[in-house]
Amino acid sequence: MARAARLSGKESEELLEVKALLEQKMDNQRLTLMQRAKVFMEQLVARVGFLGILLGASIPNPLFDLAGITCGHFLVPFGTFFGATLLGKAVIKMHIQMIFVIITFSERHVEHLISLFNRIPRVGPYMERPFVDFLEKQKKNLHRRPGVGVHQSDPSWLQFVFEKLVICMVIYFVLSIVHSLAQNYYRRLRSQKKQGKRR
């Protein structure tokens, strides 16, 4: 979409925001961490190209969408963008995340995390036992022999809380999509009214 907007002579809202941030940076105004990250991502993709896209795709960051918009704006060929994104996300990022999960959830680290529950005043010892029970059940389910069924038991309070949290997140996500669509529809109606008044 950013590519089509650039070819038609228009600029997306995200790029206009980044240009405004660049002007603020030139005027030596203080930028927040998120604003500096947006400026960095735009400059990285604009200056470095393939390697910048590869780096942006390889590390977990919420600003990779901005890299795609920047690539469209600077008319980076689709093959270059797709190749760098595929290598970054499917090869490099996947291995980084896999190593992180293996190290983080090793038995030694999990036992240390559980021991930290006791340091929480008043509620720590009460939280430790259900958490240990939950982990033991999960370990039994994951380390079972092939062909042996999974033992179904009553859901724990931890499962209940996690399930409700996921449901709330999905509801929030759907509501944010509806809100975004309504805002876009309102902007479109407003711009049509402005164009109608000009005629």
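**Note on an all-helical predicted model**

1. Arg-122 is found in the loop that links helix H7 (107-117) to H8. In this predicted model, Arg-122 has a phi near 70°, a positive value in a residue other than glycine. Arg-122 counts as exposed because its relative accessibility is 79%.

2. As to the overall fold, the protein chain contains nine helices and zero strands, giving the pattern α-α-α-α-α-α-α-α-α along the sequence. Of the 199 residues in the chain, 21% are buried. Among contacts with a separation of 6 or more, 56% are between residues 24 or more positions apart. The chain exposes about 15700 Å², with carbon and sulfur atoms supplying 65% of that area.

3. Which residues touch the most other members of the largest nonpolar core? They are Met-41, Val-45, Ile-53, Phe-64, Ala-67 and Cys-71, in a core of 13 residues. Helices H3, H4 and H5 are the elements that each give two or more residues to this core, and H5 provides the largest share, with four residues. A second, separate core has five residues, including Ile-114, Phe-117, Phe-131 and Val-132. As a general point, nonpolar side chains in soluble globular proteins tend to be buried together.

4. Glu-128 is buried yet takes part in no salt bridge. The nearest side chain of opposite charge is that of Arg-129, 6.4 Å away, whereas a salt bridge requires a nitrogen-to-oxygen approach within 4 Å. Apart from residues up to four places away in sequence, Glu-128 touches Ile-114, Phe-117 and Asn-118. Two of these contacts, Ile-114 and Phe-117, are also among the members of the second core.

5. How many salt bridges does a search of the whole structure find? It finds two. One joins Asp-133 to Arg-129, with the closest N and O atoms 3.0 Å apart. Asp-133 and Arg-129 are separated by about one helical turn, because they lie four residues apart in helix H8. In general, an α-helix has 3.6 residues a turn, so residues three or four places apart point the same way. Asp-133 is partly exposed, at 34% relative accessible area, and Arg-129 is partly exposed as well, at 49% relative accessibility.

6. The other salt bridge is formed by the side chains of Glu-163 and Lys-164, at 3.3 Å from N to O. Glu-163 has a relative accessible area of 44% and is therefore partly exposed. Lys-164 is likewise partly exposed, with a relative accessible area of 32%.

7. The last point concerns a nonpolar patch on the surface. Phe-162, Leu-165, Val-166, Met-169, Val-170, Phe-173, Val-174, Ile-177, Val-178 and Leu-181 form this patch, which together has about 960 Å² of accessible area. Ile-177, one of its members, lies in helix H9 (residues 157-198). Ile-177 counts as partly exposed because its relative accessibility is 38%.

Notes. Residues are numbered from 1 along each chain as its sequence is written. This is a predicted model: local features need pLDDT of at least 70, side-chain atom pairs count only at pLDDT 80 or more; totals for chains, interfaces and linings use all residues. Side-chain values use heavy atoms; hydrogens and water are left out. Buried means under 20% relative accessible area, exposed over 50%, partly exposed in between (1.4 Å probe, protein chains only). Lys and Arg count as positive and Asp and Glu as negative; His and the chain ends are not counted. Contact means heavy atoms within 4.5 Å. A nonpolar core is a set of buried Ala, Val, Leu, Ile, Met, Phe, Trp, Tyr and Cys residues joined through side-chain atoms within 4.5 Å. Accessible areas come from the Shrake-Rupley method with a 1.4 Å probe; for residues, only the protein chains shown count as cover. Patches are made of residues with over 30% relative accessible area and no salt bridge: like charges are joined within 9 Å, nonpolar side chains (Val, Leu, Ile, Met, Phe, Trp, Tyr) within 5 Å.
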